[in-house]
Amino acid sequence: MRENNERIGEDQLIASLKCGMKIDHAPKDEHKRGKDKMPYEKVTRRDFLKSAVAGAAGLAICGPKAIAAEKPKAGAKSIVAIARAANVLDENLQVNKQSAAAILRQAVAAAVETKTSQDAWKKLIKPTDIVGIVTSKAVNPTHMELADIIKEDLMALGVPEANIRLPQRDVEAVKECTALIALPGLKAHWLTGLGTVLKLYIMYSGKPSEYHNENSVKLGEIWNLDFIKGKTKMVIIDALRPLCDKGPQPDPRYMWNYSGIIASTDPVAAEAVGLKIIQAKRDEIKGEPWPLSPPPLCVEAADKQYGLGTCNFDRIRIVKSGPTEGMLV
Amino acid sequence: MTCMLLGLLTIRADAVVLPSVVCTGWKADRRQIVKPTEIFAYMNGAGELYLAYGFKELYVGEYTKAGQPKITCELYLMPSSADAYGLFSLDRTGQALKIGQSAVYDSGLLIAWQGKFFIRVITDYETSEAKQCVQELAKQVVKLCGPVGRPPEALAWLPPNGLDPESVRYFHTHTVLNYLYFTATENVLDLSLNTNAVMGTYPSNTGKSLVLVIEYSSVSAAQSAFARFNRGYLKGLKVEGENNLVKLENGKWLGGKVKQRKILLVLESPTRAECERIMNALVKTN
C-alpha cells in the first residue's frame, strides 16, 4: 500500500515538473530585494512536491502572443504535428532526404491545417520576406538536410535564394530577417532541463551566459526582443535523433532514433510536446520516473510570464502520423 | 614561454600533444587546445559543466578514416585528480573497462579518468572498427596523462554501510547539484568552487535515501549556509530532534546538521527511522 502511494506521489511530481506547477509567490519583503526577481527564479523542489500533493495543473495565461501568424482564435487549441518515418535515418545515422522531406512537409501542413505544405508556407511566408532558418549549431546540431528541404520549399514559393538566410548566432543577420523559422534539435540540457525551442535564440540576447542556471527561466524574454518578436512563423523541431540526458553534448547512451519532425506555430506548445517525448524516453530508459533535472521552468515561464504560447495540454491538439510504436506521446 | 609548432597550431611545450595517427589508418584532421575562456565557442552552454569543476585546458583531436565515422577525443586537464574523478562520477553507465583509473564504454562513447585528466572519446556512430579504435585511442591517451591520482577525500565522508558505490558523485557547485538533484533555483546551500560535495544513495527495503555532505572553507561558512538552507528550503516545516528531521510534502524525510566545516544532509529517506539511522551514521563518520 505504501509503495503504491509513493508511486502515485512520484507520478504526480513528474506531472508537475513538466508543466503546471503551482508557484508559491515569495513574501512581499522578498520581492523588495530585487524588482527583477520573478517567482520562477525562486522555485524549490518543495514547490513541486506541494503542487503534486495539491494536484495543481492550471495555467493562468494561455495562448500565443508573440507568434505573428496563425494565432489560435479564442478557445482554439494550438496544433502540434508529429510526423515520423522509420527509414528517415540509415544504419550510419545518415539522413534519407526523401523520407525527411516527406515527414517535414506532412508536419508543416498538419500544423497549419492545410492540404499541402506549400499551402501552409503560403499562409505563413510572403515571397518578399527575408527568411531566417535558425538551426541549433555547435554540439549536437540540427540535421542540416532539414534546412535544405525548407529552403527548397521556400524557393518554390518564390522566395529568392538570396533572401533565405541561416542567421544562427548573428544578431545583425537576424535583424534583417522579416520572418524566422525555428529549426532546433530536440535535446535535454543539463543547465536548463531542455535545450530545444526556447533556448534556440539565446545567442541573439548578446549575453548568453546571463540565461544559464536559474536565469534560464527568462529565456522567453529573448523571443520578445523587438527584433525577434512576431517574426517566428513556424517552429520545426528536428526529432530525428533526440538526446534525453546530458545535453547539449552528444551522449549516445541517451540518444535514440525517434525519426520524427514536430511542427507548430506555437513555440511553447511545440516545446511542451518535445518535453513530453524526452520525459517519456527517460522513464522508459530507467524503468521508473526519471524527471528532468533541473526542471525546465522556462517552458511554463514562456507561457505564463512571456505569453509566447501554451504548455497546457488541455489547449494543445497533437496530430500524429507515421509509426505509432515509440511515439511516446 | 617556449613554443613549438604543430601543424597550424602553436602550443606550449608542456601541453599535451594528442597523437596524429591512431589505430590503423585513422588520422588527426584537427587538433585544438581550448582554454576556459574559449569553452563556450567550442561547446556552447555544455562548457558550464567543465567550468563547474574548474577545468584548466581541453585538448581535442578529431580522427577520420575513409568509410568510418569520425572519432573525437577530448582530454580535460582538471585542477586536481579529485575533479577528474568528479566529472567521471557523474554517470558511470556502460561497460566497465580497464583503461586509466576507471573507464566505461557504451554505444560509441568512452569516458575515463587518469590523474588530473578526464577523458571523453566518442564516435559519430558505432561500427565495430570505430568501437575498437575508441578504446585503443583511450588507452593511448591515458599514457599522456601521467601517474595515477588520488580520488577525492570526500568519498570517506559517506558511511560505507549500505552505500551504493555506483551512486557516488563528487562536485562543487549549485549547478551540478541541480543537475543531479534539483533543490532550488537559488543557491540555498552556498555552493561554489570553494566547496566540496559528495552525494550517494542508500537503498533499503523501504526505498532509497539520498545523502549529501558538503565541506565549506570555515565553520562559520557552514553554519551560514545551513541557516540559509533552513530559511530557503525548509520554511514552514516542523523540525524534530537533534538531527533536525523534517517530513516533506511527499511523505519522505529530510535530516541535516552542521558538524564543524561540513553540512550533513539526508535529502530524502523513505521513513523517519531510516533517516535518523543514516544521520547518526553520518555524524559518526564525519
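**Close-up views of a predicted two-chain model**

**View 1. The two domains of chain B.** Chain B splits into domain 1 (3-145) and domain 2 (153-285). The model shown here, as in every view below, is predicted. Taken over C-alpha atoms, the centres of domain 1 and domain 2 of chain B are 33 Å apart. Where the domains touch, domain 1 of chain B supplies 10 residues and domain 2 of chain B supplies 10 residues. On the domain 1 side of chain B, helix 3 (residues 81-89) gives the most, with 4 residues. Sorted by class, the residues of domain 1 of chain B that touch domain 2 are 5 nonpolar, 3 polar and 2 charged.

**View 2. Where chain B meets chain A.** Here 32 residues of chain B are in contact with 33 residues of chain A. Three helices of chain B each supply at least two residues to the side that touches chain A: helix 2 (47-51), helix 5 (174-180) and helix 6 (219-233). Helix 5 of chain B provides the largest share of that side, 4 residues. Which classes of residue make up this side of chain B? The side of chain B that touches chain A has 13 nonpolar, 14 polar and 5 charged residues.

View 3. Chain A holds 10 helices and 9 strands. Of the 329 residues in chain A, 55% are buried. Take the contacts in chain A with a separation of 6 or more: 74% of them join residues 24 or more positions apart. Now look at helix 10 (residues 297-304) of chain A. Is helix 10 of chain A mostly covered or mostly open? Helix 10 of chain A is mostly covered, with 8 of its 8 residues buried. Among them are A:Leu297, A:Val299, A:Glu300, A:Asp303 and A:Lys304. The buried residues of helix 10 pack against strand 6 (193-194), helix 8 (219-222) and helix 9 (267-286) of chain A.

**View 4. The largest nonpolar core.** In soluble globular proteins, nonpolar side chains tend to be buried together. The largest nonpolar core in this model has 181 residues. The residues with the most contacts inside this core are A:Val80, A:Ala107, A:Ile236, B:Ile119, B:Ala138 and B:Val213. Helix 4 (residues 97-112) of chain A gives the largest share of the core, 10 residues.

**View 5. Around B:Val213.** What does B:Val213 contact, leaving aside its neighbours within four places in sequence? Its contacts include B:Ala154, B:Trp157, B:Leu158, B:Ala197 and B:Val198. B:Lys262, B:Leu264, B:Leu282 and B:Asn286 are also in contact with B:Val213.

Terms used. Residues are numbered from 1 along each chain as its sequence is written. Chains are lettered from A and ligands numbered from 1 in the order in which they are written. This is a predicted model: local features need pLDDT of at least 70, side-chain atom pairs count only at pLDDT 80 or more; totals for chains, interfaces and linings use all residues. Two residues are in contact if their C-beta atoms, placed from the backbone, lie within 7 Å. Ala, Val, Leu, Ile, Met, Phe, Trp, Tyr, Cys and Pro count as nonpolar, Asp, Glu, Lys and Arg as charged, and the others, Gly among them, as polar. Domain bounds come from an automatic or database domain assignment. A residue is buried if 20 or more other C-beta atoms lie within 10 Å of its own, exposed if 12 or fewer, and partly exposed in between; C-beta atoms are placed from the backbone. A nonpolar core is a set of buried Ala, Val, Leu, Ile, Met, Phe, Trp, Tyr and Cys residues joined through C-beta atoms within 7 Å.
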